[in-house]
Each structure stands twice: as structure tokens, then as C-alpha cells.
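Please look through the sequence and the model before reading on.

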Amino acid sequence: KSASGRELVVAILDTGEVIVRGAQVSTEELVEVFRKEASEDDKRVVLVQADEKAFHHRVVEVMEAARKAGLNNLAIATKPAP
């Protein structure tokens, strides 16, 4: 369990855009966010909230980036399309 008890929520929109803390981020920026989080707390839970229309490969890319940064506590949730 994360020492701080908070999750890092990463949203993936149906367009493939990635949102972290309310801001759209590029793949490079996402990797930096993951590295920073891992350096502060490598037990941090990364919750990937993917739109159900999001491409599967995009979701996998985000999860792989988290793992490569050292964040291995991954969870996934889908958000139904409206």
C-alpha cells in the first residue's frame, strides 16, 4: 500500500489523449511523471481509467511506461461511453 495512500490517476480518452492531474500530457511527459512518482513512492498505485472506446494498444503503452519507470502497482478501470 502506498505510504501516502493516494493513487495516481491516468485517464485515456477515446481519442488516445492522456490526462494526468487535469492536464493533457505527451508520452514523454507521462514518462517523466511516472519517474517522479516512482522516485517518491515506488508503491504508488497507478489507476488507468480508459474510455471504453480507447485503443487497447494505447492503454498497454501507458501501463508499460509505468512499469518501466518502476511503478508496478497498476489497476485499470473502464469508463463507459456516454
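How many residues does helix α1 have, and how far does α1 reach from its first C-alpha to its last? The model in view is a predicted one. In it, α1 covers residues 27-40, which makes 14 residues, and spans 20 Å between its end C-alpha atoms. That is close to the 20 Å expected at 1.5 Å a residue.

Which residues of α1 are buried? They are Leu30, Val33, Phe34, Glu37 and Ala38. Viewed along the axis of α1, these buried residues lie within an arc of 130°, so they line one face of the helix.

The protein chain contains two helices and five strands, and their order from the N terminus is β-β-β-α-β-α-β. The buried residues of α1 pack against β1 (7-12), β2 (18-20), β3 (23-25), β4 (45-51) and α2 (56-69).

Glu37 sits in helix α1. Is Glu37 buried or exposed? Its relative accessibility is 2%, and buried means under 20%, so Glu37 counts as buried. Its side chain makes a polar contact with the side chain of Arg44, at 2.7 Å. Apart from residues up to four places away in sequence, Glu37 touches Arg6, Leu8, Arg21, Asp42, Arg44 and Leu71.

Arg21, one of the residues that Glu37 touches, belongs to the loop between β2 and β3. With a relative accessible area of 53%, Arg21 lies over the 50% limit and is therefore exposed. Arg21 also has a positive phi, near 50°, although it is a residue other than glycine.

The strands come next. How do β1 and β4 run, parallel or antiparallel? The two run parallel and are joined by six bridges; Glu7 stands opposite Val45 in β4. β1 also pairs with β2, in this case antiparallel and through three bridges. Here Ile12 stands opposite Val18 in β2. β1 and β2 form a hairpin with five residues between them, and in the turn Gly16 has a positive phi of about 95°.

Ala54 lies in the loop between β4 and α2. Although 38 residues separate Ala54 and Gly16 in sequence, their C-alpha atoms are 6.0 Å apart in space. Which residues does Ala54 contact, leaving aside its neighbours within four places in sequence? These are Ile12, Leu13 and Asp14. Ala54 has a relative accessible area of 13%, under the 20% cut-off, so it is buried.

Some totals for the chain close the description. Of the contacts in the protein chain with a separation of 6 or more, 71% are between residues 24 or more positions apart. The chain has 82 residues, of which 37% count as buried.

Definitions and conventions:
Residues numbered from 1 in each chain as written. Predicted model: local features only at pLDDT ≥ 70, side-chain atom pairs only at ≥ 80, totals over all residues. Heavy atoms only, no water. Helix = DSSP H or I, 4+ residues; strand = E, 2+ residues; numbered from the N terminus. Buried < 20%, exposed > 50% of the residue type's maximum accessible area, 1.4 Å probe, protein only. Contact = heavy atoms within 4.5 Å. Expected span 1.5 Å × (residues − 1). Arc of directions from axis to C-beta. Pairing = 2+ DSSP bridges. Polar contact = N/O pair within 3.5 Å; in protein donor to acceptor, adjacent residues only side chain to side chain.
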